[in-house]
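Here is a short report on one protein model.

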Amino acid sequence: MKKALFWINIISGAILLLLTVLAFFTTFDYRGSVYQGKLDANVGWFYADSEGKATEKAATLGDPQYDEKETAVLIKKVNAEGLAGGDLCFVSANVRFWIYLNDELIYDFDPEMRVYAGLAYGDEIHEVNIPYFNGDATIRIEIKRLTDGMWGGFERAYFQNSANYLKDIIHENLWKIILSFIVFVIGIMLILMALVFEYKTINQIETISIGVVAMLLAVWSNSGTYMLETFANDQGILRLLNYGTLIPLPVAGLSLVLCITRNLEAISIRIISVLAILNALIQTIGIGFGICDYHDVLIITHIVFLLTVIFAIAEVVSAFKKHRIVEQSQFRVLITFSVVVVTGLIDLTFYYLGDRRDVARVTRVGLVFFVVFLSVHEVGQLIEIGRKTSEAEIMKRLAHEDGLTKLENRLAFTEYETELAMRGDGRCLILQLDINFLKKVNDGYGHVEGDRIICGAADVIRESFGSAGRTFRTGGDEFIVILEGMDSGKLLETFEKEEKHFLELVEAFNQKEELPVPLSIAYGYAEYVCGSGSPEQQERLADARMYEHKKKLKAAMV
């Protein structure tokens, strides 16, 4: 289950990042004007009759009333003084519309509805340049609501320079935008740090879960700031982001809770994972075939979220009873994440009470705690784990390294020997080596001189065979070299090439060093087929051949 949770969280974060990048794939299309005023454009409208003339029935852009054909026509009288050449700026949602000035079409918006957008395209920012005119003029907007029963109209409508309009939007939501950006970046950094450290513990899943939760909440809390809508070209992807981010959130959130309670094998995570997958399938089928809109199935996402909260509370209570929550770090993470959950529940309550102007206004408060506390905590955890990992690696290296020669030692060879015996294929050449006359050097000239001989032999073996295989010191004057390959012929060819180099290095060492007894190394080899039983039999064969070679070397020196 640990591996499954690891990949579920990684894939969720990767998809989220990909969709965000795709939304910004095209360049920002900006059109401005020299107009510097700012007038409320939401008022002063009247509905038009069947002949297209203004009636006495007042209307507002923010809440137009539609007829049985889901259409509405609004008319507004304007004067050229201080307005001609300016921009009519507003945010539209879920409507097609056409804007006329004195019956001349000056702007139209008839978006191509992509499958993943659902039955509406979401919010779109418009800057409609008003052509120059003299005296009085009539602006007429013909509106077609996309989906019956879903709100469709215009927000933030002003006659204003479009550059100033965008500046005002960003200024009004600046702290929300900055918070979302910081949380999103921190989420990415936490995931990358967890992957780079490559520690295989529960902390890795905890850190990745926090990173994914941060990214999901950052995108979701950005809803209503108009930041993404200002620069993104594809509003359909943004709509998918706004609603889709909530689907994997329960899995990532519960993963985090289970990491805190040290119970990743809990049945609750399996249930929530299945429900999240079913939720994604229902939305994919419903949206893909035009059966429903994101609004229609949002309640499923909220139900899964509430079930996740219930499971999380149950897991925490159980963990306290079984004393699995004892460390201060567990308390800190749990309290901080609980703040985010509570603020999310408050926003959810406001949503169902009908207040949907900003669906994440309270959650952002929780995000502040989330960013400040959890980020510091996780970075500290990663640094500490990195330090312990580094220390463990040093201890492991010291345990597997010969202190005198710095070659791998007998323990390392024994582990490698077991690994070769368990392999399913491949061959290796086992080369046994032994220093001649070492006892004579130790007895006659002392162990310091003997150690110099041993180190010289180790350097020669390492330099000649080290690049082609692994080298070990397995005893006082005994060494083993393992050369790996798939083909016997190539293995022998490699050995013969390195053997020539080995003999040249022995001769060079003797010429360079002033030794009481020249360095002489006997060796013998045997081939072993990996996985064919224990390699000890072939080691004994190589050892026997080495002793035959030792006899020849000693005889040649008599």
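Where does K406 lie? K406 sits in the loop between α11 and α12 (410-422). Helices (H or I, at least four residues) and strands (E, at least two) are DSSP runs, numbered from the N terminus.

**Basis and confidence**

This is a predicted model: local features need pLDDT of at least 70, side-chain atom pairs count only at pLDDT 80 or more, and totals for chains, interfaces and linings use all residues. Residues are numbered from 1 along each chain as its sequence is written, and side-chain values use heavy atoms, with hydrogens and water left out.

The average pLDDT (the predictor's confidence in each residue, from 0 to 100) is 82 for the protein. Of the residues, 86% score at least 70. Residues 26-32 have a pLDDT below 50. Beyond near neighbours in sequence, that stretch still has 14 contacts in the model. Contact means heavy atoms within 4.5 Å. Where pLDDT is low, the predicted coordinates should not be read in detail.

**Positive phi**

K406 has a phi near 65 degrees, a positive value in a residue other than glycine. F437 is not a glycine either, and its phi is positive at about 65 degrees. F437 is in the loop between β11 (427-435) and α13 (438-445). F437 has a relative accessible area of 21%, so it counts as partly exposed. The cut-offs: buried is under 20% relative accessible area, exposed is over 50%, and partly exposed is in between (1.4 Å probe, protein chains only).

**Nonpolar cores**

A nonpolar core is a set of buried Ala, Val, Leu, Ile, Met, Phe, Trp, Tyr and Cys residues joined through side-chain atoms within 4.5 Å. The largest one has 61 residues. V183, V213, L217, L254, F337 and F370 have the most contacts inside it. Two or more residues each come from α3 (174-197), α4 (202-221), α6 (235-244), α7 (249-260), α8 (267-288), α9 (294-321), α10 (328-352) and α11 (363-399). The largest share is that of α4, with twelve residues. Another core, of 31 residues, lies apart from it and includes L83, V95, V128 and F159. In soluble globular proteins, nonpolar side chains tend to be buried together.

F370 belongs to helix α11. F370 is buried, at a relative accessible area of 3%. F370 and V213 are 157 residues apart in sequence, and their C-alpha atoms are 10.0 Å apart.

F159 is part of strand β10 (residues 153-160). F159 is buried too, at 2% relative accessibility.

**Helix packing**

Which helices pack against α9? Two pairs are tabulated here. Axes are lines fitted to C-alpha atoms, for helices over the stretch in contact, and angles run from 0 to 180 degrees between N-to-C directions.

| Pair | Angle | Axes |
|---|---|---|
| α8 and α9 | about 175 degrees | 10 Å apart |
| α7 and α9 | roughly 5 degrees | within 10 Å |

Angles under 35 degrees count as roughly parallel, over 145 as roughly antiparallel, 65 to 115 as roughly perpendicular and the rest as oblique. So α8 and α9 are roughly antiparallel, while α7 and α9 are roughly parallel.

From α7, P250, L254, V257 and L258 make the contact with V304, F305, T308, F311, A312, E315 and V316 of α9. By class, that contact has nine nonpolar, one polar and one charged residues. Here Ala, Val, Leu, Ile, Met, Phe, Trp, Tyr, Cys and Pro count as nonpolar, Asp, Glu, Lys and Arg as charged, and the others, Gly among them, as polar.

On the α8 side, S268, I271, I272, L275, N279, I282, Q283 and I287 meet α9 residues including Y294, V297, I300 and T301. The contact of α8 with α9 has eleven nonpolar, five polar and one charged residues.

A458 is in helix α14 (residues 447-465). A458 is buried, with a relative accessible area of 0%. Leaving aside neighbours within four places in sequence, A458 contacts T405, L407 and F479. The C-alpha atoms of A458 and T405 are 6.0 Å apart.

T471 lies in strand β12 (residues 469-473). T471 is buried, at 9% relative accessible area. Not counting residues up to four places away in sequence, T471 touches L407, E408, I461, R462, F465, G466, I480 and V481.
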